Amino acid sequence: MPEKKQAAPKTFEEASARLDELVERMESGQLPLDDMIAAFEEGRRLVAFCNAKLSEVQKRVEVIKAQEADGSIVREPFQ
């Protein structure tokens, strides 16, 4: 019987922890085929969620390079 669908994660950390759980269960070799497929599908959704979060954070993160005399901040996009 396939697993119950998990609620969508709210944070990167929740998604990452759930991915770890899924990988552990899948690697155990104890899941029936239907559960294995469901876990794989959920894992793909979680990977997409994590990638989107990382992309979002990367766009927001800026490295402060220097502070100008007038108090303005010179920023460089995070690489």
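Is Lys53 buried, partly exposed or exposed? At 26% relative accessibility, Lys53 falls in the partly exposed class, because buried means under 20% and exposed means over 50%. The model described here is predicted.

## Overall layout

The protein chain contains two helices and two strands. Read from the N terminus, these elements follow the order α-α-β-β. The chain has 79 residues, and 15% of them count as buried.

Contacts that link separate parts of the sequence can be sorted by how far apart the partners are. Taking contacts in the protein chain between residues at least 6 apart in sequence, 47% join residues at least 24 apart.

## Helix 1

Helix 1 covers residues 12-28. Gly29 comes after helix 1 and has a positive phi, near 75 degrees.

The buried residues in helix 1 are Ala15, Arg18, Leu19 and Leu22. Viewed down the helix axis, the buried residues of helix 1 lie within an arc of 105 degrees, and they therefore line one face of the helix. Helix 2 is included in what covers these buried residues of helix 1. On the face of helix 1 turned away from the buried side are the exposed residues Glu13, Asp20, Glu24 and Glu27.

## Helix 2

Helix 2 covers residues 33-60. It has 28 residues and reaches 41 Å from its first C-alpha to its last, which is close to the 40 Å expected at 1.5 Å a residue.

In helix 2, the buried residues are Asp35, Ala39, Glu42, Gly43, Leu46 and Cys50. These buried residues of helix 2 pack against helix 1. In the other direction, helix 2 is part of the cover over the buried residues of helix 1.

Lys53 is located in helix 2. Leaving aside residues up to four places away in sequence, Lys53 touches Lys10 and Phe12. Thr11 belongs to the segment before helix 1. The C-alpha atoms of Lys53 and Thr11 are 8.3 Å apart in space, although these residues are 42 apart in sequence.

Thr11 is itself partly exposed, with a relative accessible area of 30%. A further pair involving Thr11 is Thr11 and Phe49, which are 38 residues apart along the chain and have C-alpha atoms separated by 9.1 Å.

## The largest pocket

The largest pocket has a volume of about 220 Å³. Twelve residues line the largest pocket, and Gln6, Ala7, Ala8, Pro9 and Leu46 lie nearest its centre. One of these, Leu46, is also among the buried residues of helix 2.

Which helix gives the most to the lining of the largest pocket? Helix 2 does, with four residues. Helix 1 and helix 2 each supply at least two residues of this lining. Sorted by class, the lining of the largest pocket has six nonpolar residues, five charged residues and one polar residue.

Terms used. Residues are numbered from 1 along each chain as its sequence is written. This is a predicted model: local features need pLDDT of at least 70, side-chain atom pairs count only at pLDDT 80 or more; totals for chains, interfaces and linings use all residues. Side-chain values use heavy atoms; hydrogens and water are left out. On a 1 Å grid over the protein atoms alone, a cavity is a set of points where a 1.4 Å probe fits but cannot get out, and a pocket is an open set with protein on both sides within 12 Å along at least five of seven lines; lining residues have an atom within 4 Å of a point. Grid points are joined across faces, edges and corners, and a volume is the space filled by probe spheres set on the points. Ala, Val, Leu, Ile, Met, Phe, Trp, Tyr, Cys and Pro count as nonpolar, Asp, Glu, Lys and Arg as charged, and the others, Gly among them, as polar. Buried means under 20% relative accessible area, exposed over 50%, partly exposed in between (1.4 Å probe, protein chains only). The arc is that of the directions from the helix axis to the C-beta atoms. Contact means heavy atoms within 4.5 Å. The expected span of a helix is 1.5 Å times one less than its number of residues.
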